[in-house]
Each structure stands twice: as C-alpha cells, then as structure tokens.
Amino acid sequence: MSQTTYGWLVLAFPLAGMLTIALSYGPLKALPARTAGWIGTGAIFLAFLSAIGALIAMQGHAPDQRTAVSAIWEYAVTAGLDARMSILVDPLSVYMILVVTGVSTMIHLYSISYLDSDRGFGRYFAYLNFFVFSMLLLVLASNFLLLIVGWAFVGAASYLLISFWYRRRTATKAGIKAFVINVVGDIGLVLGTFFIFKHTGTLEFLGSFHAAAAGAFAHSKGDIVAGCILLLVGAFAKSAQIPLHTWLPDAMEGPTPVSALIHAATMVTAGVYLIARLHPLFELAPAAQDVGACVGALTLMIAGTIGLTQTDIKRVIAYSTMSQIGYMIMGVSVGAYAAGLFHLMTHAFFKALLFMGAGSIIGAMAGEQSLLKMKGFRKAMPFTYGCFIVGGLALSGIPPFSGFFSKEEILALTGAMGGWHWALYAAGYIGAFLTALYTFRMIFIAFHGEPCPEARELEEGHLHHAEQPFNPADGEIEDTDVGFPGPGHAIAERAWPMRVAMSVLAIGAFGAGLVQIPQVDSVVTNFLRPTFAASPLYNTKPSTGLMVAGLIGGTVIGLAGIAICWQLWVRKPGSARAWQERLHPLYVLFAGKWFFDEAIDLTVVRPAAALGRFAAGSFERLVIEDGLVGGAAGLTKAGSAIVRSIQSGLLRYYAAMIVLGVAAVGLYMLLQS
Amino acid sequence: MTPQMLIAAAHIPAPHVPFGGLSPLLAFLGGALIVLMVGLMSPRRVREQGVPALAIIALGAAIGLTIWQWGDQRSILDGALRIDGTYLVANLILATGGIAAVLLAWRSAAGHEAAHGELHALLLSSLGGMSLLTAAQNTVVLFLGLELLSIPLYVLCATEMRRERSLESGLKYLIIGSVGSATLLYGLALIYGATGSSSFGAIAGAISARSLTGDVMLLGGITLAIAGFCFKASVAPFHQWTPDVYEGAPTPITAFMAVATKVGALVAFLRFFDVALIGASGDWAPTVAVLAAITIIVGNVGALGQSSLKRMLAYSSVAQAGYMLAGVVVASKLGVRATLLYLIVYLFMNMAAFAVIVARERETSFGDDIQAVAGIGRSRPWLAWPLTLSMLGLAGIPATAGFVGKFYLIDAAVSGGYTWLGVVIVIGSMISLAYYLPVVAAMWMREAPASAAAPAAGPSGEPGPSGSPYPAIAGGSPELDEAGSAPAHGGPHGEVVLVAVLAGAATLFFGIVPQPLFDLVAHAGRGLGLF
C-alpha cells in the first residue's frame, strides 16, 4: 500500500472507533465493562500501526519523492476555489502522526484503569477517539480548509473532555473558557488563511508554497506579515502562549489522562506544527517569525515562574507544559524546525509520563490534588516515584535523559542565529533553571519527607478512600453519579494497564533523546529534511564551541536547580517559607499568575460585558428589536400583505399588471438610454 | 408516380437534415405520437400501464440520444438550431424532469380523467417544445418552441376535468399566456425591424455594427421581449398567474411546470440575451437586474404565511427564478454555468417536494395543505426526509445542493459586478427560511392531525377541514363508472416515494460532492457562443 493509503487508515481507525463506541452504547452495556475502552485503545493502536506502515512505505522512496498528496474527493474545485478532501503525507506529517498515535495509545491504555469506575466510561472513550481523530486530521490536512476543520474539531473535543465531568461547575466553566479562547485562535487562523489565499489563489499547502516562492507576495509584504501574525494568533491560542494561555491551567479540570492527552500528544502541539508546516510562508515574513520567537521566550519564562508557586500538582505540570511549548514555538520560529519538533516528541513522552504519575498520586490521595497535603509517597509508591524521577530529570534537562538533547539543540540553534537572538538564548537558560526548580520542588514535596496519612495508609497496603467525594478545586461535596468522577480510583502500583503505559513512556522519556545527539547522530533532522528541503534556515549549524558550552552549561544549570530544591525542601524543610517571606512581592506576582486572568478580565471581559449589558438594555431593545427586527418583520409582513392583495385571482387585473409592467420596464429603458 | 415526377423530385435539392443533432427532439415528439396512438387502444392495461411505460422509454431514449451527442458543438439546419453543451445539459434536465412527472402522473386523477394517452402525449410535446426552445438560434424557432411548450401546458393544467380549480387554472393560463406570447411576439418583431434579421448571430452583428444600443425601436423590442420571457419564467411583476395556476393544476403537472418550464424559459433567456442582445447588455442588464431583485423580494414575501404547499412552492419558484436571473444578468461564462447548475439542483429540490405533496394528497384528505405533512417525520420517514432536504436545499442550507447552487450564483453576481444583487439573494434566502422551516417543523415537531390517519377520499372528495380549495363535484367519468371503484387515491404509491427519495438523495449528495455538477456545467458553459 502506498503511504497515502496508510494515511487514510490512520484517520479511519479513530473515526471508526469513535462511531462504534458512540453508536453502540446500548449493546456495549451488555458486554464486559471495559469493552468500550478496549475498542478505543485498539482503534488508536491500529492507527499507530498504520502510521508505522506509512513510515515504511515512505522510506521506500527517494528523499525527494517522499511527499504525497491524496484526495478522497473534490468538494468544490472551480474557478478561484479548490476545496478538496485531501491529505498530505510527508516526513513532517508522518512524524506527527507517529507521535500522536503512539502517545495516545498509551494514554488510552492508562485511561482504561483510571476511568474504570466512572459512569461515563463509554462516552469518555468516544470523546477521546474523536480528539485523536481531530488532531490527526489537523496534522494530515493538505490544505487550509481541512486544517481549519481539524483545528476546530480539536477545540470542540477539548471542550467536551475538559468538561467531561459536566456536573462539576468548575469543569464546565473551564471547558467554556478553553473553548472561547480557542475560538479566538480559530478566528485568527481563518483570517490569516484569507490573507494567504487572497494572493496565492489556492487552499492547498504545496500550491501556496509554490505561489509564495514564485513571488505571490512580492508586492504585498504587508499582507504576508499580517497573514502570518494572524496564523500565529491561532497557534498561540491552541498552544497556550501568552496572552492566550489562561485556559490551559483551568483545563486541568478534565480527568488526568485528558490532561496528558491535551498536553503531550495533541492540541497544544498544534501551534508548533502549524508554524513548522507553513514555514515557507513564515520565512517570507521575518517580522512574524520574530513575534513568534519573542512570545515563545516570554512564555517559557513567565510560565516557569508561575510553576514555582503553584500548589496543585496538575497545575505545576500544566505551567511546565506552557513553558516547554514556549521552547518549541521559539525553536520553530527561529528556524530550528527539527529541534523544535524533536523537543515536541521528547516532551510528549515525559509530559505524558508526569501526568500519569500525577494521576497515580491523585488516585492515592483519593482525588486530592494539593501538593500541600502530599508528603512522603516515596516508599508507598516506588513505581510512581521512579516514573516521576525519570520524567522530572528529562524535563529538567539532565543528561542523558531525552529532554536534555532536544532543549539544548533548540537553544544552541537560537544562539547560532546571533544578534538579538542571544536574548532568547539567555531566556532559554533562565527558563531551564526555573524548570529544574519547579519540577524538583514538586517531586521533593510529594515524595520526600514524613509520609502523610494517605501515604502511610498505602504503605500498610490499603488505598485511601475519601469519606465523601469532593471537588478538589473548591472542596464541594459531590455525587458519584454520571457527570461526576466515579467512586473508584486507581494507582499505577495496582493497575497493570497504567503500569504498562507508564513504563513505555518512561523508556521513551529516558531514551528518545539518543536518536539525535549533537555531533553523533541526527536522525530527526535527516528524517524531516525532505519537508524542509527548500528552507535556507534548515541547515544552520551551531559552532562546536557553542554546542559544547551549551551542553555543559545546561547540565550545570539543571543540577544547580535540583540542588537548591534539595536544600530547600529535603534538607531544611521550611526554609522555602522563609524565602517566600523575603521575596514577598515576587511571590505575589508569581502566585497570582502574573495577573493575566485579572488583566484579561479588566481589559476584555468587563468592557465586553458592559457593552453587552448596554447593548441588551438599550441598543438591542430599541434599535434591534424595535427597529431592525421589528421593522424588518413588519416590512416583510406588510410586503406580504401587498403581494397578496394584488393577487386577487381576477384575470383582468393580471393582464393589467402585465401591461403596467411592460410600461414600467419600457419607461425605465427609454429614460436610461 | 410517373417517371417525370420522379425526375423532377430528384432535381429539387433536398435539405440536409442532421438527424443526429435533432435526435433528442425527435425522441420527444416521436414519443408523443406513439403514446397518443397507443392510448387509443382498447385494453385498459395497455392504456394505463403501457402508455406511461412508453413515455418513459421515449424520455429514456431522449437521454440516451443526448448523451450520444455529448461534446458536439455545431449549428444545424442553416443556423436555426445550435447543438452545444447548454442544449444537451438542458435536455438532460428536461428528460429527467419528464420521467419524474410521468411517474407522479402515472396513477393520478389527471390520468384517469383525461385519458393517459392524451396526458402523456401533451407532456411529451411540451417537452419537445422546450427542447426546441433551448436550441433556438433565431427568433422564429424561438417563438415556435415557446408556443409548442405553452399550448400543451394550457391543456395539461385542465386535465383534472372534474375539478373546477383545474379548469380555472387551465383557462387562466391560456388567457394570460396568450398575452405573454403576444408581448413576446411583438418584441421579436420590433427587434427584427430594428436589426433586419431574425437570426441571433445576425442580430448581435447588426447591433454592434450599426451601434444600435440607443435605438428606440430596438429598446422597445427588448422591453417587450423581456416582458415575454419574464412571463414564461414567472418573473415579477409578470408572475401573477403562477400561484393560481400552480395551485389549481394537478400536482404532477405543477411539478412538471415548475421544473421544465423554468429550464426552457431560462435557457432561452440566456441564449437570446447573452448571445443575440449581448451588444445591448448595457441597456437590458440593469433592467433585468432590477426585475430579478423585485422577483426575489416579491416571491419570498408572497410565500410567507401560505398554508397551501403548492401555492407556497409557486411563490418559492418565483423567488428561485429571480435567483437564476442573476446568472443571466451578468452575461458571463460564470453566469451561464451558475444558472445551469441552479436549474439542475432546482430540479431535484422541487421534484422531491412535489412528490411528497403528491403522496400526501393521495394519503390524506388535506390536499396540499401544510397539515397534510404534519407529523410525518414519525409515521412516514421516507417522505419526511426528502421534503426536509428539499426545503433546506431551497433555503440554501450548506451540505445541500441548494447551497452549492446559490453560492455559485452569488459568486457569479459578485464577480460580474452585481454585488448588490448578491446581497439581495442573501436577504431573500433569509426571508425564505420563514416559510421553508415551518414545513420542516410541521413534519418533525407537530403531531399528525387526528383525521389524517383516517382513509381519505382523496383530493376530489370532500373538502378538507381547513377549507381545502377543492369543491366536491359529483360526476362519473366513463372510466370510473366502468371500473366501479374509487380513483387511484388512498394508498402510498411506490413510484411516488421513489421519486421523492431519489430527488432528496440527489439534493444531499450533490451538496456534499458537488464536483460532478461543476464539471457538467463547465462543459455546458463552454459552447454558448459569443463570450
């Protein structure tokens, strides 16, 4: 089979899985309890196998023959419009589908145990498959149209999953927030597409790249810059970059595997993919590239500082995601495409792993997510602890864990650009230091020290159950009926699907970096080369000195961060509080998340709400309701009455009408000429 | 025959008759003759089953012959007719619409009362007229085609002879139609006077060569011709016969008129104005654009609040004619394509709607009142879905063919410099939702009225509870007396449901995969001539 056939299969399996689970809700109830979960996991696994098939089929071609487009049907191909249902299978999309399906398979597997007792089990897997399908559609789309469709589907799927426990008020609010901010991004994406389409005249990616290379934007530099910046707005919203990031921490309201899915394999990486996919356009708009790089650098630092102060274990990891995506956005914006995408892959492994570990601890805490209450789980949960350490070391960039190589490569290539990019380079290392701090703060708080009661209970072989189920966000007492988390909870130590999923990811988090070690091998770079063949930035190489300095410096910074954490939270517990007192203003700023929510509330939400109230109260009542709607409806009704009154049914009036009509037309024609 | 006569005959130069190009037309007209003859045979089975079957065979033959001619582009019969993509596509629409009409009329009251042979012969000769009209390249053939189209239709409207409204409808159509024909004829005569020619090409040549654009005689001719065409295409303010005639005529005939007459009239409109009068387009285009806008408004506004589905669809067809005129106005290739594409989707959407009305007329006592379809979402999903798709399509909702058609028309209007007309189309579609959606709502969200379930005597029986317009006329046709049974009302008829389902499915299919239609009309737009 050709690589595009495999590409279609990659799309078909999750879609089929979603439809099967969704449509056979009744019959599934008769089958063993976890059937829906296994169907969902199987569908994604088959998609993963198809992705491998696509990889093998593609590698059979010569490097310049590896890009293939296949249209299943043409929706509307006519003068000035080419809307096709077509996919683009090239090294970049194959790389993406491998990461997406691979990590998603593990997350599905993990979910089978994690959601076991939830009343919405079948619904959950239908949503999850839909989410993966949407993401695959996004990365396989060969034109802007399907990209926008996939983009919007991902937004919708994230809404469904974030507010999966729909009877939790906090969850539905978080879902709405994510959806609204994503729609802001969608608008940017659609408008940006118009700017591009206006000049290239085609929706196809390859066609617009050709047109752009042939000088479609030669006389309209402004339009390409505006278009790319609008595309960046879309990317920022999906990838949670400042200032459109506020939905991401709130998205933690979804079940923990959903957080893993959103953060690791799907959704937030869409922005990175978008910039990489459209790199020929972005390279024509250096201003947009610079905006992307600066926002990425800003995000990675700010998110790191916020991560330092969070007390909810999932939120710490969420801010860490923002920060890491900041690295990727910065990387692909400065032209370090392979490095950015390499980091995307390693991040997918270790971030999914960390979320799964967090899910395991939350299971042991019976739903509690606050770091302040967790303590000393090291002995009670050795497997989870091990996974956390692997994930944490990878995240902090300690050699030879995977995150080390990918992060260093982004930073070295950024430095190699020279000039003001040194500022980005420095920001990257500040971010790296913060990363090590917040990661090991979290690990040391949760796993070291005196065991908390829950940990002690677990050490005695009994999993803690809350007396009453409650919402960790606001402490509200909850039901365990549908729309709430189920009564049961699972930990990796006791559920083999969770263990398998975490083990596989831990291996990835440890070893994935070995495929691309500076000066040794560069598998990812070589693999992706056909996609980026035309890019002048792709072959930039940092000098050996810079590379070595970075590798050593990065290691030292990471280890220093870990050492400080050891000092603050293990050797002298309590000294952290003293520092918090000493740096109080900074702490307030960080713990307040730099007050982005408040700023957005003040600058956007409140004026909009005030405008809305004004509009509803006066404008709508007077102008819309009475004037436009009332007027239009009245006019239409009056017109209807007139038309009917002329329609008397009497022939002579009809004949007279024709004569009058002729006279009117004749008069008009004669007067006009 | 004496040898001398034979020799003389040999010396008269016989005109070359290009039978290939004429073959679809001949299939229609030949079919009419055969059907008329077979209709005279005495076995009832032959008359009632054989005649429609033969009519369908004739129409099938016309489709086959049209496809056989595919790709041809030539003028035949000394430039009187033009065989090109437009003609062939129009023939396909006409024959398909004809087949649907025959299926709907097969077991209808009209067939019983007017005898099947006559009904189908008239139907086929009217189609012949339309086919001729769509190929016409001079004003004489144009008028001939128009009359051949119209006269059988006048009779067809009155084929439910025992129903007063049907007779009234036929008579009204005849009288008003004569006014329309006279207007057109007068207009054609004035144009002939101004340009000295009856052939489209020569008229166009004369207009450009003698720069006749401001000529009063020509303008007068154009005025009257516009009025004549607008009458046939039911464009406001020449549309007033439409609701009365559509409502009164037997429903299968209404379906046929709504679809086929539009095809004939609009293609002739396209040919005459975009070929013969293209040089004077500065004169007529703004006028026609204004007429199109008036038509869209009048049609959509008039359809509001109609409880008779046929009357509502009549006004809707007025509005749709206005949409399609937008494609004529811009006088561009894109416009021609958009008009033809809309005619195709219009065929599917209207056939689905009328087929459902026919089915419900036979099943309930409500006639074509909206109550007839209330609650059928549950009881008759195979009728409810096609009507739903048809209504959504006519309103132009995406994922139906109507959306694609309207999108293309608006595209044509905008790129032809008539953006305001595109805006009017959108406003019209907006208003149209106010009468299309209630039908959908009635089907899915309302309960079926209690008496609908009871077996009904059919439209010619007692008046419906809502004051259905059918008067009760007692009367015995020899046919009915002989059979001693009720007319063919009462049961659901497979062929009617089939038409509804196929047309509804086509509406949906071409909304999702419109590419075949684009290809088809791209082929058709190529051969129009002067562009």
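User: At what angle do helix H12 (residues 251-276) and helix H15 (residues 333-363) of chain B pack?
Analyst: This is a predicted model, in which local features need pLDDT of at least 70, side-chain atom pairs count only at pLDDT 80 or more, and totals for chains, interfaces and linings use all residues. Residues are numbered from 1 along each chain as its sequence is written, and chains are lettered from A and ligands numbered from 1 in the order in which they are written. Helices (H or I, at least four residues) and strands (E, at least two) are DSSP runs, numbered from the N terminus. The axes of H12(B) and H15(B) are 8 Å apart, and the packing angle is about 170 degrees.

User: How are H12(B) and H15(B) oriented to each other?
Analyst: Axes are lines fitted to C-alpha atoms, for helices over the stretch in contact, and angles run from 0 to 180 degrees between N-to-C directions. Under 35 degrees counts as roughly parallel, over 145 as roughly antiparallel, 65 to 115 as roughly perpendicular and the rest as oblique. The angle here is about 170 degrees. Therefore H12(B) and H15(B) are roughly antiparallel.

User: How many nonpolar residues are in the contact of H12(B) with H15(B)?
Analyst: Two residues are in contact if their C-beta atoms, placed from the backbone, lie within 7 Å. On the H12(B) side, the residues include B:Ala255, B:Val259 and B:Leu266; those on the H15(B) side include B:Leu343, B:Leu347 and B:Phe354. Ala, Val, Leu, Ile, Met, Phe, Trp, Tyr, Cys and Pro count as nonpolar, Asp, Glu, Lys and Arg as charged, and the others, Gly among them, as polar. The contact has 4 polar and 3 charged residues, and the nonpolar ones number 15.

User: Is B:Leu291 buried or exposed?
Analyst: B:Leu291 lies in helix H13 of chain B. A residue is buried if 20 or more other C-beta atoms lie within 10 Å of its own, exposed if 12 or fewer, and partly exposed in between; C-beta atoms are placed from the backbone. B:Leu291 touches B:Cys230, B:Val235 and B:Leu325, leaving out residues up to four places away in sequence. It has 26 C-beta neighbours inside 10 Å, so B:Leu291 counts as buried.

User: Which residues does B:Ser429 touch, not counting those up to four places away in sequence?
Analyst: B:Ser429 sits in helix H19 (residues 419-445) of chain B. It has 22 C-beta neighbours inside 10 Å, so B:Ser429 is buried. Beyond four places in sequence, B:Ser429 touches B:Ala395, B:Gly396 and B:Lys406.

User: Which helix gives the most to the side of chain B that touches chain A?
Analyst: The contact takes 37 residues from chain B and 27 residues from chain A. Elements giving two or more residues to the chain B side include helix H8 (164-195), helix H10 (216-232) and helix H13 (281-303). By class, that side has 24 nonpolar, 10 polar and 3 charged residues. The most, 9 residues, comes from H10(B).

User: Which helix of chain B has the lowest confidence?
Analyst: pLDDT is the predictor's confidence in each residue, from 0 to 100. Chain B averages 83, and 88% of the residues score at least 70. Over residues 452-490 of chain B, pLDDT stays under 50. The highest helix is H7 (residues 139-157) of chain B, at 92, while the lowest, at a mean of 40, is helix H20 (residues 478-483) of chain B.
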